[in-house]
Amino acid sequence: MIERTSENVAENSNIIPVTLDANFFFERAVRSLDRFQYDKALKNFRKAVEYEPDNPVNHCNMAGILSEMGNYTASNEILIHVLEKIDPAMTECHFYMANNFANMESFEEAERSLVTYLEEDASGEFMAESEELMELLQYELNRPAPLVRIRSREGVVEHDRARSLLEEGKFPQAVELLEEITANTPDFLAAHNNLALAHFYMGRFAKAKACLNEVLRQDPGNLHALCNMAIFLQYAGDKEQLERLLGMLEATVPFHQEHVFKMATTMGILGRHTAAYSHFRRLLKDEEVAGDAGLYHYCAAAASNSGLYSEALRCWRQAAKLDPDSAVPAFFLSQLQHARTEGRPMPAVSYNYQLPFQEQLKQWKGNTGRFTEEVRNNPLLRASFFWALRYGDSATKLQVTEALRWIEDEDMSEVLRKVLEQEPLQEDRLQEAALFSLQRLIGENLNEAVSSPGEEQEPAAAPASKGTLPEWREDWQRIMDHAAAMMDRRYDAVQKKDAEHIWKQFIGSLYPDVPLFRNDGGWCAALEYLTARLHGQPVTFREAAQRYGVSVSMVSRYARRIDSECDIRAMLPGTGGLSPSTTRI
């Protein structure tokens, strides 16, 4: 550092020595800026840079003056020099450059610089300004910015994208993204809550509850997690825990609009319709949401389910005014009118703002194009399909499976695959419908369609397989291959797949105490016999024994051994188990 003082300092102590350094010129530059003397300020900042050429702040100050003077190109040249030669970690330079490019109307370059700043800057010092600039750029470019993440708000952008996937009904993709977010930011409770919902929509109760337990561990009073947990407990049939939790929730009076809505919908789903109606009424007094036809339907549903038919009538009429193109209010108004005319109570009304499922199926059968669009754009409908295929009764599963052949949708195709892979022991008609729909959707070989590796299904226990056992022995595989070869041409792909699943489940239940199998023919005959029974085919122990060249008693004994481990009789409604008689079934 160079210090310059007067020659007479030593002789005259009244003269104050002047130290010419970077701070001296910096202070002079600031005084010039206060007087709007930009030329002098620039000159002094340049002198500061001469004294401290490795100080990035001095360079940025000089770039700032050039920007104020309208020399945006020169300003950016300095900022690029800082990033490339002095301090690459000075991420605010990207924000300054974005402003310069915007002032030059180079909006593409401005967007690139702003996205770089948001994705690399950890402090978020200019977040408010960045949001304003982002709005301007979106307006000018007529599209949203290709922003992958905001580093200072780790997980926020990804979470918004995951929520969009949930709203679109793309649950597997949402789960994948939300799991990544929660792994990277464990304290992001909203992401945990949405991950729980995504698992729940897909029928994975255990994983859904684990996500909520993590939220409640970090925040025991989290209302969203408590409400979701109550719903999960109801579906799990845990009445004792549910009653305790409901007591707490019913004593809670939420203040924020979002919390009131969550509480109202939760009470409705749990059958506490009077409480739900009270909360929905509170929401309707809020001018911000009082114009929402869906909210009036929710209030009408709560009123109808509580026996308050006059209130339900009023709310559905208002919903019809607000949403004249929707068939939902008109349908329920008609239902209510018929019920009152006939002097009977209204059937239970769903809180979903859509027609009942059976009614939708009737309409879609005459308009497959509309059905396809509805399935792709309605997340509640997609969730109901996931749910019905896993936990609905046979009639509902059959209706949904047959309906899905009308659309071409990757997610729905994956659901059908899982129907065949994870739940192969189904009624014959349902299996045929699933295979037909899947073949219609993806146009591939049926054997390939049902043999793709599937994801573990909850809450049902998945059968053991090569992938879940530490070893898969040669004698196990030999019996499975022998049975498949013998069943070829006489059984379809699903039936052969069922035989394989029975064998894998049997091995898994015995492991690690699996004996060495010697009589291959007997085990293969037992497998074929059990598979035939599951699919209602007329076969007896004697016929199976003759086909494989073994004794009837061996087939009977081995079939009973397999059944004792796999409980196949539970899958045969109306039967009394495996009888050794030769009566055809």
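# A guided tour of a helical chain

Start by selecting Cys211, which is buried at a relative accessible area of 9%. Next, pick Cys524. This cysteine is buried too, with a relative accessible area of 0%. Now look for disulfides in the structure: there are zero. Keep in mind that the model is predicted.

**Stop 1: the whole chain**

Zoom out and colour by secondary structure. The chain comes to 30 helices and zero strands. How much of the chain is buried? Of its 585 residues, 46% are buried. Now think about contacts between residues at least 6 apart in sequence. Of these, 59% join residues at least 24 apart.

**Stop 2: Tyr96**

Select residues 92-103. This is helix H5, and Tyr96 sits in it. Leaving out residues up to four places away in sequence, Tyr96 touches Cys60, Leu79 and Phe126. Tyr96 and Ser67 are 29 residues apart in sequence, and their C-alpha atoms are 8.9 Å apart in space.

**Stop 3: two loop residues**

Move along to Glu105. This residue is in the loop between H5 and helix H6 (107-120). Glu105 counts as exposed, at 60% relative accessibility.

Jump to Asn142. Asn142 is not a glycine, yet it has a positive phi of about 60°. With 71% relative accessibility, Asn142 counts as exposed.

**Stop 4: H12 beside H14**

Select residues 223-236 for helix H12 and residues 257-269 for helix H14. Their axes are 10 Å apart, and the helices pack at an angle of about 10°. Angles under 35 degrees count as roughly parallel, so H12 is roughly parallel to H14. Now show side chains. On H12, the contact uses Leu223, His224, Cys227, Asn228, Ile231 and Gln234. On H14, look for Glu258, His259, Lys262, Met263, Thr266 and Ile269. Colour the contact of H12 with H14 by class: five residues are nonpolar, five are polar and two are charged.

**Stop 5: the nonpolar cores**

The largest nonpolar core has 70 residues. Select those with the most contacts inside it: Leu178, Phe232, Leu245, Leu249, Phe280, Trp316 and Tyr351. Centre on Tyr351. What does Tyr351 touch, not counting residues up to four places away in sequence? The list is Gly268, Ile269, His273, Ala276, Phe280, His297, Tyr298, Ala301, Ala302 and Asn305. A second, separate core has 36 residues, including Trp476, Tyr491, Ala499 and Cys566.

**Stop 6: H27 across H30**

Finish with helix H27, residues 493-510, and helix H30, residues 552-566. Their axes come within 9 Å and cross at roughly 70°. H27 and H30 are therefore roughly perpendicular to each other. Show the side chains where they meet. H27 brings Ile502, Gln505, Phe506, Ser509 and Leu510. H30 brings Arg561, Ile562, Glu565 and Cys566. By class, the contact of H27 with H30 divides into five nonpolar, two polar and two charged residues.

Conventions. Residues numbered from 1 in each chain as written. Predicted model: local features only at pLDDT ≥ 70, side-chain atom pairs only at ≥ 80, totals over all residues. Heavy atoms only, no water. Axes fitted to C-alpha atoms, helices over the stretch in contact; angles between N-to-C directions. Helix = DSSP H or I, 4+ residues; strand = E, 2+ residues; numbered from the N terminus. Parallel < 35°, antiparallel > 145°, perpendicular 65-115°, else oblique. Contact = heavy atoms within 4.5 Å. Nonpolar A, V, L, I, M, F, W, Y, C, P; charged D, E, K, R; others polar. Disulfide = S-S within 2.5 Å. Buried < 20%, exposed > 50% of the residue type's maximum accessible area, 1.4 Å probe, protein only. Core = buried A, V, L, I, M, F, W, Y, C linked by side-chain atoms within 4.5 Å.
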